[in-house]
Amino acid sequence: MTSLSLSQTLHKSQTIARQAGDMLRGAFAGGMAMDTKSSETDMVTEFDTRAENLILERLRADFPEHGIVAEESGRTDRADSPYRWFIDPIDGTNNFAHGLPHFCVSIALYENQEPLVGVIYDPMRDEMFSATAGGGAHLTGPDGQAKPLRVSTTNALIRSLIVTGFPYDKHTSEKNNLPQFCAMTRRVRGIRRLGSAALDMAYVAAGRFDGYWEFKLNPWDIAAGYLLVTEAGGTVTTIDGKPLDIDMPKQALIVSNGPLHDEMASALHSIA
Ligand code: IPD
Ligand code: CA
Ligand code: CA
C-alpha cells in the first residue's frame, strides 16, 4: 500500500486533521462566504472547500498512489486503487456556519471495504478520536495523552442516551426520520440531535452515547466513525442488519454499544 506502517499512517492522518482543524478554529464565527447545495438547508462555506483542499494537498504529497473520495470534490486521483481516503472536511457545516462550536474533520483510509485508519478531530474541544484496524480506538484530549476508548455497557434502551440526525431533504421526503424519532423518544432515557454524524459516532465509541441511528448517510460521514466504533467494541449495521458497504450512498445505519443493537432495531422497525 505504502512504505508507511499503520501507526505512521495514523500519525500522518492526525497531523493533517489537526492542520485542517486549526484552520477551521481560526475561521470560526468570523465572516465567510456561504452557499447551499442539495437544498436550502444543505450548506457549504468557503472553509469546507479550503479545508478539503488542504487535506487533499497533504494526502497527495504523502500517498500519491491512493484514491480519494471527498465530499466536495467527489472521487478523484487513483479511483481504481484498492486504497482510498474518505474525507469530510467539515462534518457539522450547519453548526460551523451558525457559530455553534460542534463540528469536526473526518478522515479515513480503507483498503477495498476494510477500514485501516480513522481520525475524527474536534478543533473546538481539541479532541482527537482515532483508530487503526486491530489497534483499538483512542482519544487524545488537550493534555496530549491518548486514552483507550470503550463503548458503554448500558443494556436497556430505557437507560440509554441516543443520538440521531435528519436528512437535508426532510422538508420534501417522507423518509425524514420524524416517525422513528418519535418512536425512539418514547423508549429511551434521552435523545439528542447534535448535527455532526462523525462526532455522533465518535461519542458512541467513547461511551458518551449508547447508540446512534440515521438515514441517508454518505461514505465520508461514516468512514472514520465506523472504525472508531468497531475498535471500541461497538456494533455498526445497516438498518436491515446488513454489514456496512462503504461505497453505498445514502445509507441508513444503526450504531450501538452492542447490547442495545436489537432493541434499537426493533424500535425503528416498529414504524410501518
Ligand atoms: C451532515 C451532518 C449531520 C447529519 C447529516 C450530514 P455535513 O454532514 O453530519 O449531523 O445529520 O446527515 O450530512 O453536511 O455537515 O458534512
Ligand atoms: Ca458530513
Ligand atoms: Ca461536510
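1. The calcium ion (ligand 3) is coordinated at 2.1 to 2.3 Å by Glu71 (OE), Asp88 (OD) and Ile90 (O). Along the sequence, these donor residues follow the spacing E-x16-D-x1-I. The model is a predicted one.

2. Of the residues at this site, aspartate 88 and isoleucine 90 are both buried. For aspartate 88 the relative accessible area is 1%, and buried means under 20%, so aspartate 88 falls within that class.

3. The calcium ion (ligand 2) has Asp88 (OD), Asp91 (OD) and Asp221 (OD) as its protein donors, at 2.1 to 2.2 Å. The spacing of these donors along the chain is D-x2-D-x129-D. Aspartate 91 has a relative accessibility of 5% and therefore counts as buried.

4. On cysteines, a search of the whole structure finds zero disulfides. A disulfide is a covalent bond between the sulfur atoms of two cysteines. Cysteine 104 is buried, with a relative accessible area of 0%. Cysteine 182, at 47% relative accessibility, counts as partly exposed, because that class lies between the 20% limit for buried and the 50% limit for exposed.

Key
Residues numbered from 1 in each chain as written. Chains lettered and ligands numbered in written order. Predicted model: local features only at pLDDT ≥ 70, side-chain atom pairs only at ≥ 80, totals over all residues. Heavy atoms only, no water. Donors = N, O, S within 2.8 Å, 3.2 Å for Na, K, Ca; no water. Buried < 20%, exposed > 50% of the residue type's maximum accessible area, 1.4 Å probe, protein only. Disulfide = S-S within 2.5 Å.
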